[in-house]
Amino acid sequence: MDQNEGGKPSMEKAKRSLELTDDESEAVSRLTVPPHQAGAGPSFYEYFSLRGIRVDRVEPGLVVCTFKVPPHLSDRSGRLANGAIANLVDEVGGAVVHVEGLPMNVSVDMCISFMSTAKLHDELEITSRVLGQRGGYSGTIVLMRNKVTGEVIAEGRHSLFGRHASKL
């Protein structure tokens, strides 16, 4: 094994483990990925990360969704991955301030408290509320809880900015 002076595996070994074989390289070069047109349906990213989310309730300043933890967003131990939780906070937190027909706001900051874990196939309730808006700046809070037990999985505060042209 290649090791550096501290006895740890070297960066070279890590690089070699990520290299593609000729067959893998050829297979990748044959892939066709069409460019995504904005507004023409969900992107691959949105489809992958939000597939299965159900919007239960929408009111001004409030969005409530249900989401069943799928295998493709679970980590090795069968729990909803922290990155997937962050993505849901981002998406549902942005949805509550989105105005149809205008571009999505840009996330400026997120702060997430991971309180518990959700297991594969757990049903979650995700609630997003607007904390306030001033100019193009919006603040939201997203609460994710297990729908059966009521246990809080995560709480996220999400700040967004959108500079939309006046309609005057």
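Me: Which residues does Asn146 touch, not counting residues up to four places away in sequence?
Reply: The model is a predicted one. Residues up to four places away from Asn146 in sequence are set aside here. The residues that Asn146 then touches are Asp122, Glu123, Leu124, Glu151 and Ile153.

Me: In which strand does Asn146 lie?
Reply: The strand in question covers residues 137-146. Asn146 lies within that range, in strand E5.

Me: Is Asn146 buried or exposed?
Reply: The relative accessibility of Asn146 is 9%. A residue counts as buried when its relative accessible area is under 20%. Asn146 is therefore classed as buried.

Me: Which residue has its backbone nitrogen 2.8 Å from a polar atom of the side chain of Asn146?
Reply: Two backbone nitrogens may be considered here. That of Thr149 lies 3.1 Å from a polar atom of the Asn146 side chain. The backbone nitrogen at 2.8 Å belongs to Val148.

Me: How many salt bridges does the count come to?
Reply: A salt bridge requires a side-chain nitrogen of Lys or Arg within 4 Å of a carboxyl oxygen of Asp or Glu. By this rule, the count comes to 4.

Me: Which residue meets Lys15 in a salt bridge?
Reply: The N to O distance in this salt bridge is 3.8 Å. Both partners belong to helix H1 (residues 11-18), and being 3 residues apart there, they are separated by about one helical turn.

Me: How far apart are the closest N and O atoms of Glu26 and Arg30?
Reply: Glu26 has a relative accessible area of 40% and is partly exposed. Arg30, at 56%, counts as exposed, because the exposed class begins over 50%. These two residues form a salt bridge, and its closest N and O atoms are apart by 3.7 Å.

Me: What is the N to O distance in the salt bridge of Glu59 and Arg57?
Reply: Glu59 is partly exposed, with a relative accessible area of 38%. Arg57 is also partly exposed, with a value of 42%. Their side chains meet in a salt bridge with an N to O distance of 2.8 Å.

Note on methods. Residues are numbered from 1 along each chain as its sequence is written. This is a predicted model: local features need pLDDT of at least 70, side-chain atom pairs count only at pLDDT 80 or more; totals for chains, interfaces and linings use all residues. Side-chain values use heavy atoms; hydrogens and water are left out. Helices (H or I, at least four residues) and strands (E, at least two) are DSSP runs, numbered from the N terminus. Buried means under 20% relative accessible area, exposed over 50%, partly exposed in between (1.4 Å probe, protein chains only). A polar contact is a pair of N or O atoms within 3.5 Å; within protein, one must be able to donate a hydrogen and the other to accept it, and residues adjacent in sequence count only if both atoms are side-chain atoms. Contact means heavy atoms within 4.5 Å.
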